[in-house]
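My entries follow in the order in which I made them.

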Amino acid sequence: WTGPVLSLNSGATIPQLGFGVFKVDPAETERIVTDALELGYRHIDTAAIYGNEEGVGRAIARSGVPREDLFITTKLWNSDQGTQSAFDAIDSSLEKLGLESVDLYLIHWPAPERNTYRESWEALQKIQSDGKATSIGVSNFLVDHLEAILADGGVVPAVNQIELHPALQQRGVVDFSRAHGIAIESWGPLGQGKYPLFDEASVVEAAAAHGKTPAQVVLRWHLQNGNIVFPKSNSRERIAENLNLFDFELTEAEVADISALERDGRVGSHPSEVN
Ligand code: NAD
């Protein structure tokens, strides 16, 4: 990986750009992740609930890419929160991925009604100390969820993976996370194609100015804001397009104009409502 990497509070490094496989059909996953690895991606973001860890694992196995050159994330699903259930879940994910350890294991959602995310965070610390995950983190955690696990005094999450794009910048949770050394991963970095980001004048104008596509401009905005991103696409052409971000730079004014698109434009679920 010759692109940018960020240092995590675990001491590990993470490629700032990766490839996400939410809603990638399990039957297509091996082919699509093979495309991504051939094109040069080295960071893959999956989850147990996506049902495609086996396809990711097969693509890794046939790629010939040395394990140490890859960064693989998976996530603990809500119904597996707890202690023994989390231990069983990571073992199941590792078996499907064909790996001895993942680079990053996340609590997928706080699922506050279950009231098991603190116990699950303890379990992830054991998973890390057992060597099954190099780094551990959380996803969709709001400030009060982060405060609760920080108050327990254990390992500080390496990342918080949250919905983030120009129309939903989550500045409160971002500032709190960064103040505690927790890196931000943006899911839905392109607004999942549901939000009309690619038609916004500031995006269209920056794309024209740099000879890039609107998607590349939005992804570049994330990188310049210090976010980790892993856009998803099924098309080899777009997978290549989304990797081609390192030969241009947005000006400060362009970044500011795109940041002005904030409008609480959530396209996914609210963390309070997923249980
Ligand atoms: P995304 O913002 O990456 O959008 C993907 C969609 O954008 C594609 O389906 C396609 O329609 C469009 N697209 C992609 N590249 C394009 C291009 N170059 N030009 C035009 N359109 C393009 O949304 P996502 O897949 O939901 O998010 C990325 C990753 O984040 C996921 O694959 C998954 O790994 C992760 N994620 C995590 C959570 C969580 O709860 N932790 C939730 C959703 C997604």
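Entry on the sheet. I began with E185 and found that its bridge partner in β10 is I228. The model is predicted, and I read every entry with that in mind. I then traced the whole sheet: it is open, with eight strands in the order β3-β4-β5-β6-β7-β8-β9-β10 and parallel pairing. I noted β3 (19-20) and β10 (228-229) at the edges; each has a single partner strand, so one side of each lacks a neighbour in the sheet.

Entry on the core. I looked up the largest nonpolar core and found 75 residues, of which V33, Y105, L124 and V218 touch the most other members. Helix α8 (residues 214-224) supplies the largest share of this core, six residues. For Y105, I listed the contacts beyond four places in sequence: T74, L76, I90, L124, I127, A133 and I136.

Entry on the ligand. I found 24 residues around the ligand, with G20, L190, G193, A215 and K232 the closest. I sorted this shell by class into twelve polar, eight nonpolar and four charged residues.

Entry on I258. I located I258 in helix α10 (residues 252-259). Is I258 buried or exposed? I recorded I258 as buried, because 25 C-beta neighbours lie inside 10 Å. Beyond four places in sequence, I258 is in contact with P166, S202, V203 and W221. I also checked I258 against N244: they are 14 residues apart along the chain, and their C-alpha atoms are separated by 19 Å.

Note on methods
Residues numbered from 1 in each chain as written. Predicted model: local features only at pLDDT ≥ 70, side-chain atom pairs only at ≥ 80, totals over all residues. Core = buried A, V, L, I, M, F, W, Y, C linked by C-beta atoms within 7 Å. Buried ≥ 20, exposed ≤ 12 C-beta atoms within 10 Å, placed from the backbone. Helix = DSSP H or I, 4+ residues; strand = E, 2+ residues; numbered from the N terminus. Contact = placed C-beta atoms within 7 Å. Near = placed C-beta within 6 Å. Nonpolar A, V, L, I, M, F, W, Y, C, P; charged D, E, K, R; others polar. Pairing = 2+ DSSP bridges.
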